[in-house]
Amino acid sequence: MIDIKVRIHDRFSIEFKVGFVVRRKLKDNDFAINTWIFIPNSLDLNPVTYTKPQFYRDVKSNVRLITPKFLLREIVSGNALPLHNLEKAMTALANDPTRTNVGEYEYQIKMFSAIVKSAQRDEIAHIISNKRGNDLDYLVRSYARNVVDITQQYRSLRKIIDVPTVTQEVMNYYTFGDEFLSNIAEQNTYRLIEGLEEMRLPHADAQLITLLKELIRDENRYKRGMGYLVVESDNPANNRDLVFRHGVLKKYINSDLFLISRKKKDGVIAEQFLYSIAAGIAMVVATVVAFWSQLRYGNFTFSFFFALVIGYMFKDRIKEKMRYYFAHTLSRRYFDNKAHIGIKDAEIGWIKEAVDFVTDQKTPPEVMEIRSRSPLLEAENRTLDEKILLYRKLVRIDRESLNANSEYTLSGINDITRLHFTRFVEKTDNPEVSLHKLDEQGNVLIIDGEKGYYINIILQMQFEGQTKYKRYRVSFNRTGITGIEEMR
């Protein structure tokens, strides 16, 4: 299965979070993502002005494991696996602080924290989307109770490693996890409050908001007591440091979910082999010309010399033409890059990628139908054609290798790709256009109108013999991206 979420990451980039979920009974899971980007001609992006290296500089990809799924109430209750694994690693560290035990202890802290973050996010989304008002009170109170239980259980484990055998540096790993858990408890609870307020709760349910605010106050008091940074109303320097620290902690906790990716050019051996054939064909032509001219004109004549020069000229051009032909043949059968992905030293699969400008004729009819250009745009395309950029990805995941390298049940990987729009906005016009209107008294009014541009993105997802499509439209102007919407 392929799951796609698209969002605006910042003013000049959009993020595609693609989840490749593998089947448990299938060893090799193959996925394909084809993305057609329809670019207005006015942006002047074409194979000459926007090359492959430029595109790959505008694309940033991270590959990470899909966080193991647990309900919030399952993380610390009973024989919960996340808490059990963390407690086991802490006990082993305290008894024998070897490098292996330190690594396992740090890994379990990161996994526990990442699982809590994911479970809180899912729980909040479920509460906000809840359509049964009768369940709301129970769901919110359960969330608050589970958040408190998780943080308290984590903090209670500190006594296991508060022993002489554990150094302060190693103890800091536990503290990083503690601060991160406190941060996400506070941030996610704020999101839940905002979601509940948008639902326009009746006055009787305002006590739920009060309950959540008290949870936030408790976490703030705890953080102050531990010396962690908290938001200050009139201290910009503190808040700047807090934002920076939050970012560093997030990257630290997620670091064990990110996979090793070793990227290299795809089809290198085939390319060199075909280029050698091109050189050989050119050499055959030049040799035939040399033999023929020698037989015809004899040795050491001006005609023979002239024929050799002509043969060398043809040899050089034939070799370049053949290289060009084989290069385009390779582009259809091979990809630009191939990245091997792995957990530590174990390879679990690979990702191939390629990008090319294509024409309408080389775009599948079903994609063109989904694009559904307006009559005005079709008329424009007769003289100034809309450019189409095709970005292809092929993914293979080895289910057995994925299972063998984690004690958690892993469902697959997330490929998080950001496409930066800096080059797209370089040649856009001013973002505001003056419009004129007469008011009721006949006075001429000047009104500012927004000059906007649209890029349509169509994704084709192929897996297990199924093909699905999604279409998005990105609106932007010179100041950056203004919106993104899924088109039905």
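Analyst: A pocket is here an open set of grid points with protein on both sides within 12 Å along at least five of seven lines, and its volume is the space filled by probe spheres set on the points. The model is a predicted one.

User: Which element gives the most to the lining of the largest pocket?
Analyst: The largest pocket has a volume of about 1500 Å³, and its lining of 40 residues includes K17, R64, K117, R121 and K250, which lie nearest its centre. Elements giving two or more residues to this lining include β1 (2–10), β2 (13–21), α3 (99–128) and α8 (236–254). With seven residues, the element that gives the most is α8.

User: How many residues of the lining of the largest cavity are nonpolar?
Analyst: The largest cavity holds about 190 Å³ of space, and of the 14 residues that line it, F16, T35, Y391, T417 and L459 are the closest to its centre. At least two lining residues come from each of β2, β3 (28–39), β8 (387–398) and β9. By class, two are polar and two are charged, while the nonpolar residues number ten.

Terms used: Residues numbered from 1 in each chain as written. Predicted model: local features only at pLDDT ≥ 70, side-chain atom pairs only at ≥ 80, totals over all residues. Heavy atoms only, no water. 1 Å grid on protein atoms, 1.4 Å probe; cavity = no way out; pocket = protein on both sides within 12 Å on 5 of 7 lines; lining within 4 Å. Helix = DSSP H or I, 4+ residues; strand = E, 2+ residues; numbered from the N terminus. Nonpolar A, V, L, I, M, F, W, Y, C, P; charged D, E, K, R; others polar.
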